[in-house]
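This report describes a protein chain for a reader who is new to structural models. Please keep the sequence and the structure in view while reading.

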Amino acid sequence: LDFLECPPDVGKMLGGEEKEEDPDAAKKEEERQEALRQQEEERKAKYAKMEAERESMRQGIRDKYGLKKREEAEAEAAAAAEQPAEGSLTRPKKAVPAGCGDEEEEESIMDTVMKYLPGPLQDMLKK
């Protein structure tokens with residue numbers, strides 16, 4: 001670019017020269033990082049305070065209505081599920097009575113259904 005007559009900033013734009021570092025740049029960056037850390041700590045403190053207020057409100061509701069904390073309720077449910085149940089909550093399955101599902105009965109059901117069908121439909125189903 002030296003042989004062309006260009007404004008002096010063109011070399012900088014093309015990456016020819018490195019920019020001059022500000023002697024205070026490191027100090028400013030450190031201050032900026034510290035400010036970011038401080039803001040983050042303030043934000044976390046704010047949300048921790050809000051969550052503590054919510055938890056105290058939740059505890060008041062639990063006390064008022066006699067509810068348990070979700071973790072305690074889940075722990076009790078898990079413990080109950082692990083223990084073998086003495087009495088089942090569901091009815092035991094009944095034994096299938098004799099004659100249920102027999103072919104003869106199915107045929108008699110088909111005969112009953114056939115009585116109520118019109119003639120042409122009966123002929124089609126008999127085939």
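## Arg-62 and its surroundings

The side chains of Arg-62 and Glu-55 are joined by a polar contact of 3.2 Å. A polar contact is a pair of N or O atoms within 3.5 Å; within protein, one must be able to donate a hydrogen and the other to accept it, and residues adjacent in sequence count only if both atoms are side-chain atoms. The model is predicted: local features need pLDDT of at least 70, side-chain atom pairs count only at pLDDT 80 or more, and totals for chains, interfaces and linings use all residues. Residues are numbered from 1 along each chain as its sequence is written, and side-chain values use heavy atoms, without hydrogens and water.

Arg-62 lies in helix α2; helices are DSSP runs of H or I with at least four residues, numbered from the N terminus. Because its relative accessibility is 12%, Arg-62 counts as buried (under 20% relative accessible area, with a 1.4 Å probe and protein chains only). Apart from neighbours within four places in sequence, Arg-62 is in contact (heavy atoms within 4.5 Å) with Glu-55, Leu-67, Lys-68 and Lys-69.

## Gln-122

Gln-122 belongs to helix α5, residues 119–126. Its side chain reaches the backbone oxygen of Leu-117 at 2.8 Å.

## The chain and its confidence

The protein chain has 5 helices and 0 strands. Of its 127 residues, 3% count as buried.

The mean pLDDT (the predictor's confidence in each residue, from 0 to 100) of the protein chain is 77. Confidence is lowest in helix α1, at a mean of 62, and highest in helix α2, at 95.

Terms used: Helix = DSSP H or I, 4+ residues; strand = E, 2+ residues; numbered from the N terminus. Buried < 20%, exposed > 50% of the residue type's maximum accessible area, 1.4 Å probe, protein only.
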